[in-house]
Each structure stands twice: as structure tokens, then as C-alpha cells.
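Please look through the sequence and the structure below. The paragraphs after them go from one part of the structure to the next.

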Amino acid sequence: IGGVAASKYFNVQRMRFTDADPDALDLCRKNMNKNGLNDSKVYSTVILRWDQHYNDCLTGTKGVVLATDVIYDIRQWPNLLRTASRITQLCTERYWIVAHVPRACYTSERHAKGSLEDYLMSEATNHSWTLKNIIHPTDIASDDTSFHLTSKHFAKTLKEMGEIGATVFVWVQKQEDIQPLE
């Protein structure tokens with residue numbers, strides 16, 4: 001859904017929807033068609049397993065990787081970091097946006113949010129990603145005066161997402177900070 005939303009609001013030159021599960025990609029293609037993303041020169045689906053070689057890198061000035069709801073096994077986080085770096089390695093500016101909702105495997109909301117965010121940020125820094133912004137759902141309405149809540153349900157959803165520790169991280173990699181990939 002994140003990629004579909006991004007395609008509606010940004011001038012996308014090329015977008016690859018990826019997953020390791022072929023069934024998930026079938027559903028993705030259905031969503032693409034339903035939302036008018038039919039131009040195969042711009043939009044496509046690709047099987048991608050984290051930390052496996054991927055030849056179809058982004059090129060150009062800006063490379064953006066958008067990952068939504070991908071952290072199920074925290075042990076895979078370093079693999080996801082390397083994959084984002086590899087996909088954008090040919091771009092001069094690299095952005096990585098990760099929307100994350102903590103999973104039920106954490107026992108304490110407060111502990112999970114703090115320690116998990118710290119871990120994610122520390123590992124990203126170790127992989128040459130610099131945190132540009134961190135957004136919590138409750139920040140959206142309070143920080144952006146141009147943003148208007150359109151319904152009580154939406155406001156409730158933002159509040160609930162904030163209570164469980166949902167977070168959007170925006171990272172950037174600058175050419176001079178990038179360490180060679182292994």
C-alpha cells in the first residue's frame with residue numbers, strides 16, 4: 001500500500017514492488033491494477049530476498065527505498081540494511097523510508113519502543129545510514145498545521161498506532177559516508 005500511495009503523490013520514473021513470497025506479489029499486482037499502475041515500463045513486481053544479490057539497482061540522482069511493515073524477525077534487520085544499500089548503490093542520493101509497527105513478541109510497549117528504535121537506529125548507523133527524521137503517528141496531526149483530520153476514526157487510528165509504537169524512519173546515505181559493500 002505504501003508504494004501505491006507514493007505513486008499517487010510523486011512523479012515516479014520507476015517503481016519495483018518486491019517480496020520474497022510469490023503469493024504476496026500476486027496480491028500486489030492486483031492492487032497495482034486496481035489503482036491504475038499498469039505501465040510496465042514504470043511499475044513491476046520482483047521477487048527479492050534480503051541480502052541476496054540483486055542486479056536491478058536504482059540509478060540516477062535520487063534512489064528511494066520504501067519499506068512498509070517489513071520487520072517481523074529483528075535478526076533480519078542487518079540483511080535489510082545491506083539490501084537497501086545495494087539497491088541504491090548507483091544513486092548519488094539515497095533515501096530509505098521504513099514504516100514499522102512493533103510486533104506482539106515484545107512484552108512492554110514502553111520497553112519495546114525505546115529499545116527497538118535504539119537498536120534499529122544503531123544498526124542503520126553502522127551501515128552508513130544517517131537518520132534524517134523519525135515520525136510517530138501522533139506527531140502527524142500536532143506538527144503539521146496543514147494536515148487536517150478528516151474523521152474521528154482516522155484520529156482514533158493515529159492515536160492507536162502511536163500507542164503501540166508505530167514509527168516511520170527516514171534515513172539518508174551520502175556518497176562520502178558509504179562504506180564498500182561486502
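Helix H3 is largely enclosed by the rest of the structure, because 11 of its 11 residues are buried. Buried means under 20% relative accessible area, exposed means over 50%, and partly exposed lies in between, using a 1.4 Å probe and protein chains only. Helices (H or I, at least four residues) and strands (E, at least two) are DSSP runs, numbered from the N terminus.

This is a predicted model, in which local features need pLDDT of at least 70, side-chain atom pairs count only at pLDDT 80 or more, and totals for chains, interfaces and linings use all residues. Residues are numbered from 1 along each chain as its sequence is written, and side-chain values use heavy atoms, with hydrogens and water left out.

The largest nonpolar core has 20 residues, and Trp 77, Trp 96, Val 98, Trp 129 and Trp 171 have the most contacts inside it. A nonpolar core is a set of buried Ala, Val, Leu, Ile, Met, Phe, Trp, Tyr and Cys residues joined through side-chain atoms within 4.5 Å. Two or more residues come from each of strand S3 (59-68), H3, S4, helix H4 (109-126) and strand S6 (167-174). Of these, H3 gives the most, with 5 residues. A second, separate core of 10 residues includes Val 12, Met 15, Phe 17 and Leu 37.

Next come the aromatic rings. A pair of aromatic rings is described by the distance of the centres and the angle of the planes. Rings of Phe, Tyr and Trp (its six-membered ring) pair if their centres lie within 6.5 Å; planes under 30 degrees apart count as stacked, over 60 as edge-to-face and the rest as tilted. The count by this rule is 5 aromatic pairs. One of them joins Trp 77 and Trp 96, stacked at 5.2 Å centre to centre with 20 degrees between the planes. This pair links distant parts of the chain, since Trp 77 is in helix H3 (residues 77-87) and Trp 96, 19 residues apart from it, is in strand S4 (residues 90-100). Phe 169 and Trp 171 are also stacked, because their ring centres are 5.0 Å apart and their planes are at 10 degrees. Both Phe 169 and Trp 171 are buried. Ring pairs link Trp 77, Trp 96, Trp 129, Phe 169 and Trp 171 into a cluster.

Strand S4 also holds Ala 99 and Leu 90. Leaving aside neighbours up to four places away in sequence, Ala 99 touches Ala 67, Thr 68, Asp 69, Thr 167 and Val 168, where contact means heavy atoms within 4.5 Å. With its neighbours within four places likewise left aside, Leu 90 is in contact with Cys 57, Leu 58, Thr 59 and Gly 60.

The structure holds 1 salt bridge, meaning a side-chain nitrogen of Lys or Arg within 4 Å of a carboxyl oxygen of Asp or Glu. Its partners are Asp 26 and Arg 29, at 2.4 Å from N to O. Both lie in helix H2 (residues 22-34), 3 residues apart, about one turn of the helix.
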